[in-house]
Amino acid sequence: MIHVPGGSFRMGSDKHYPEEAPSHRVSVDSFWIDATPVTNRQFAAFVAATGYKTFAEIPPDPKDYPGALPHMLRAGSLVFTSPPRVKNLRDWSQWWSFEFGANWRQPYGPKSSLRNLDDHPVVHVAYCDALAYAEWASKSLPTEAEWEFAARGGLENTEFAWGDEFMPGGQFMANTWHGDFPVKNSRADGWARTSPVKSFLANGYGLYDMIGNVWEWTGDFWSSCHPADAAKACCVPLNPRGGAETASYDPSQPAIRIPRRVLKGGSHLCAPSYCRRYRPAARHAEPVDTSTSHVGFRCVVREV
């Protein structure tokens, strides 16, 4: 783990997506954070020690999903597959599909495996899975503020974790999408899906893959925007903790009351033409019962 000194910083952004605004100053105490996302090798050690089964490995309980089609109540997870063409970039079902048998051991479906993926980030972990690993390791999931502070690597008011240029001097700084999303990934950075941790340079704190590769769970409930800036310097929030659980429910599905947590960092599927969330300020809402082929996590230990 890497020690991150506490401090004050401007969280969020007023320049990109509305959920990142308003930019506001917060403070966090010092803490320790994993240098990389949790890898398949590390998660396998947890499973071997505990016999744990992930959310994606357990068939859904019909009581939790009233009205669901019986043939869909099977274990599985969401997997990204490039379509030959797309009609509308707003319809993500063209490239995401629920694959029966997809889970952390078989990240691309039943015919896949973890061969040569030991040092890649573990994926297909729902929030409960990340939390279970963290508790086993005597750690915690980071708050959104802790995660963003760590991702910035000591830089203030920069667009990216390494400065203001996405590719300084033409150098690839993270595993993101290059090409026509979601149809064609040129793999210019060397990877079509996840990459081994530490494949790209660390940030100023010595942390790897804070941007791109996989989205990462935080412990905070989702909120549609940030709170306003404190009126006085004396009132800057210390170690803020997101919003209320009830406010995290998806307003477009009022009958479904599944909490959503904040994801940070973007993934290998983030592209300039579709999802510019390969920045520390970027954030995304993820239902706690959802796992995908591009979401992982890392842990923190807070100083007493």
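Where is S138 found, relative to helix 2 (127-136) and helix 3 (144-152)? In this predicted model, S138 sits in the loop between those two helices.

**Backbone points to check**

Most residues other than glycine have a negative phi, and most peptide bonds are trans. S138 has a positive phi of about 60 degrees although it is not a glycine, and at 63% relative accessibility the residue is exposed. N239 is another non-glycine residue with a positive phi, here about 50 degrees. N239 belongs to the loop between strand 9 and strand 10 (260-264), and its relative accessible area of 29% makes it partly exposed.

Two cis peptide bonds are also worth a look if you plan to set up the backbone. One joins A21 and P22, with omega about -10 degrees; P22 lies in the loop between strand 2 (7-11) and strand 3 (24-28). Another joins F181 and P182, with omega about -5 degrees, and P182 is in the loop between strand 7 (179-180) and strand 8 (184-185).

**Overall build**

The protein has 3 helices and 13 strands. For 304 residues, a compact globule would have a radius of gyration near 19 Å, and the value found here, 19 Å, agrees. The C-alpha trace spans about 55 × 45 × 45 Å along its principal axes. Buried residues account for 48% of the 304 residues. Among contacts between residues at least 6 apart in sequence, 72% join residues at least 24 apart. The accessible surface comes to about 14200 Å², and carbon and sulfur atoms hold 54% of that.

Four strands form an open sheet in the order 11-10-9-12, with mixed pairing. Strand 11 (283-287) and strand 12 (295-296) are the edge strands, each pairing on one side only. Strand 9 (residues 215-221) runs parallel to strand 12, and the two pair over 2 bridges. Within that pairing, E216 has G296 in strand 12 as its bridge partner.

**Salt bridges**

The count of salt bridges comes to 16. Three of them are listed here.

| Pair | Closest N to O distance |
|---|---|
| D119 and R41 | 3.1 Å |

The K264 and E148 pair joins strand 10 to helix 3, so it ties together parts that are 116 residues apart in sequence. Both K264 and E148 are buried. These two residues also belong to a network of salt bridges that links E144, E148, R152, K264 and R283.

How buried or exposed are the members of the other pairs? E146 is buried, with a relative accessible area of 5%, whereas R302 is partly exposed at 34%. As for the remaining pair, D119 is partly exposed at 37% relative accessibility, and R41 is partly exposed at 45%.

**A nonpolar surface patch**

Finally, which residues form a nonpolar patch on the surface? They are L69, M72 and F98, and together they have about 260 Å² of accessible area. M72 is placed in the loop between helix 1 (40-50) and strand 5 (76-80). With a relative accessible area of 35%, M72 is partly exposed.

Conventions:
Residues are numbered from 1 along each chain as its sequence is written. This is a predicted model: local features need pLDDT of at least 70, side-chain atom pairs count only at pLDDT 80 or more; totals for chains, interfaces and linings use all residues. Side-chain values use heavy atoms; hydrogens and water are left out. Patches are made of residues with over 30% relative accessible area and no salt bridge: like charges are joined within 9 Å, nonpolar side chains (Val, Leu, Ile, Met, Phe, Trp, Tyr) within 5 Å. Accessible areas come from the Shrake-Rupley method with a 1.4 Å probe; for residues, only the protein chains shown count as cover. A salt bridge is a side-chain nitrogen of Lys or Arg within 4 Å of a carboxyl oxygen of Asp or Glu. Buried means under 20% relative accessible area, exposed over 50%, partly exposed in between (1.4 Å probe, protein chains only). Two strands pair if DSSP finds at least two bridges between them. The radius of gyration is taken over C-alpha atoms; the globule rule is 2.2 Å times the number of residues to the power 0.38. Contact means heavy atoms within 4.5 Å.
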